[in-house]
Amino acid sequence: MFPAVVIDLGSQVAPNEAAWVLEACNAAIVSGTCELDTSASEPGRALAIVRWENEARRSVRIEVGLRAEERADWSVREMEFSGRDPARERWRSIGLVLATLVGEVEAARGQRPEQGSAAAVGSGAQPAGGSGPPAATAASKAAASKTAASETAASETAASARTETRPAARPPASAEPAAPARDELAGARTSPVPSRRFLAPELPVIRPTTFVAAGVLAGSGADLDPLRWGGGVRGGWISPAGWVLSAAGDYSRSTLRQGALEAEWLRLAAGAGYRHWWSKRWSFELGVELGARALSVVPKAAGSIQSTAWSPQAALHGEIWWQALASAGAWLGLSASSIGRETHLVGLDGEPEAEVPWAESHGMFGIWWAP
């Protein structure tokens, strides 16, 4: 397909960055395709030049020129990004602006000949000595009315065309440079092009569909004192409606009786829950889990033997999630679990040394990442 716009991104642009620009531009362009100047097989009807104005890539200048036999029409846009905007969304915004500028320049050029025709009709010469015949006057008014209607229709068509979406094209696999695409337009830029500077709108936060989380754990131990400490991991999938399927594992330990006895907890569980976003970056989750708990007792005396017992366990959990970046953030969770009965920890002499209550609780704090 004939390229609508050939894009010059300059040097030091990664393949995935070029792919993001092409994906967004091809999704918004009205007709034709968006191609890179290094792979375009033929010149496009427009040329786009993209240049970052600083190394931090916070400000970018976009120039779009429309080819013509007599002269080229240029439009310039300068965009400012926030430091929190992900790189992928910055490049996608550039692609969308490219397609929009091409549509604006083409719409403006399409209206100029029609405006000239309207002026010619409205300023037609009158015969000397008086006004022309009524029939000629009526014809002039009808032609002017028809031209105005054509301008309105063309404007509405251009506005609606910019909102039409098309399937995204794959980025070109070849990186071999073709004939320079900007030579024909370079000579047409004989005067400075006015530019418009504006702040790019804050980009939407993309909600994750999968996640992996890790954090530190603190929970109730035997006799609720002292606390047990450890760590845990979680992973899962989030549906677009907010339903969550997850799996979790954690390990913790506690020292009792001034170091004479040590208890270890190992928990494995899987469950389901529901995630609700109450703001753009904050959400909370409620869920249930089923799994197993292994409780180990290690008496710290000569000749002592470690004893481990596995028990089925059910748990309820509530979590608060903060999305700091496009695919990462922090989370805080609280879980309450039970095996349905109390557990007595027995020392070396066979006597109960401590008691683990039937209901346990623990809190976790950590970070999460969306692959």
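**Close-up 1. Tryptophan 321 is a buried residue of the predicted model.** Its relative accessible area is 3%, under the 20% limit, and therefore tryptophan 321 counts as buried. Tryptophan 321 lies in strand S12, while its partner tryptophan 331 belongs to strand S13, residues 328–338. The two rings form an aromatic pair with 6.0 Å from centre to centre and 25 degrees between the planes, and the pair is stacked. Because the two tryptophans sit in S12 and S13, their pair ties together parts that are 10 residues apart in sequence. Tryptophan 331 is also buried, with a relative accessible area of 2%.

**Close-up 2. Ring pairs link four aromatic residues into a cluster.** The members are Phe211, Trp321, Trp331 and Trp368. Arginine 275 lies over the face of two of these rings. For phenylalanine 211, the distance from arginine 275 to the ring centre is 5.8 Å. For tryptophan 321, the corresponding distance is 4.2 Å.

**Close-up 3. Glutamine 323 is found in strand S12, which spans residues 307–323.** Glutamine 323 has a relative accessible area of 3% and is therefore buried, the limit being 20%. A polar atom of the glutamine 323 side chain lies 3.5 Å from the backbone oxygen of leucine 325.

**Close-up 4. Tryptophan 52 and tryptophan 91 form an edge-to-face pair.** The structure holds nine aromatic pairs. In the pair shown here, the ring centres of tryptophan 52 and tryptophan 91 are 5.5 Å apart; their planes stand at 80 degrees, over the 60 degrees required, so the arrangement is edge-to-face. Tryptophan 52 is in strand S3 (residues 46–52), and tryptophan 91 is in helix H2 (residues 87–122). The pair therefore ties together a strand and a helix through residues that are 39 apart in sequence. Tryptophan 91 is buried, at 2% relative accessibility.

**Close-up 5. A disulfide joins cysteine 25 to cysteine 34.** The structure holds one disulfide. The S to S distance between cysteine 25 and cysteine 34 is 2.1 Å. The angle about the S-S bond is -65 degrees, and the link is left-handed. Both cysteine 25 and cysteine 34 are buried.

Key
Residues are numbered from 1 along each chain as its sequence is written. This is a predicted model: local features need pLDDT of at least 70, side-chain atom pairs count only at pLDDT 80 or more; totals for chains, interfaces and linings use all residues. Side-chain values use heavy atoms; hydrogens and water are left out. Helices (H or I, at least four residues) and strands (E, at least two) are DSSP runs, numbered from the N terminus. Buried means under 20% relative accessible area, exposed over 50%, partly exposed in between (1.4 Å probe, protein chains only). A polar contact is a pair of N or O atoms within 3.5 Å; within protein, one must be able to donate a hydrogen and the other to accept it, and residues adjacent in sequence count only if both atoms are side-chain atoms. A disulfide is a pair of cysteine sulfur atoms within 2.5 Å. Rings of Phe, Tyr and Trp (its six-membered ring) pair if their centres lie within 6.5 Å; planes under 30 degrees apart count as stacked, over 60 as edge-to-face and the rest as tilted. A charge sits over a ring if NZ of Lys or CZ of Arg is within 6 Å of the ring centre and within 35 degrees of the ring normal.
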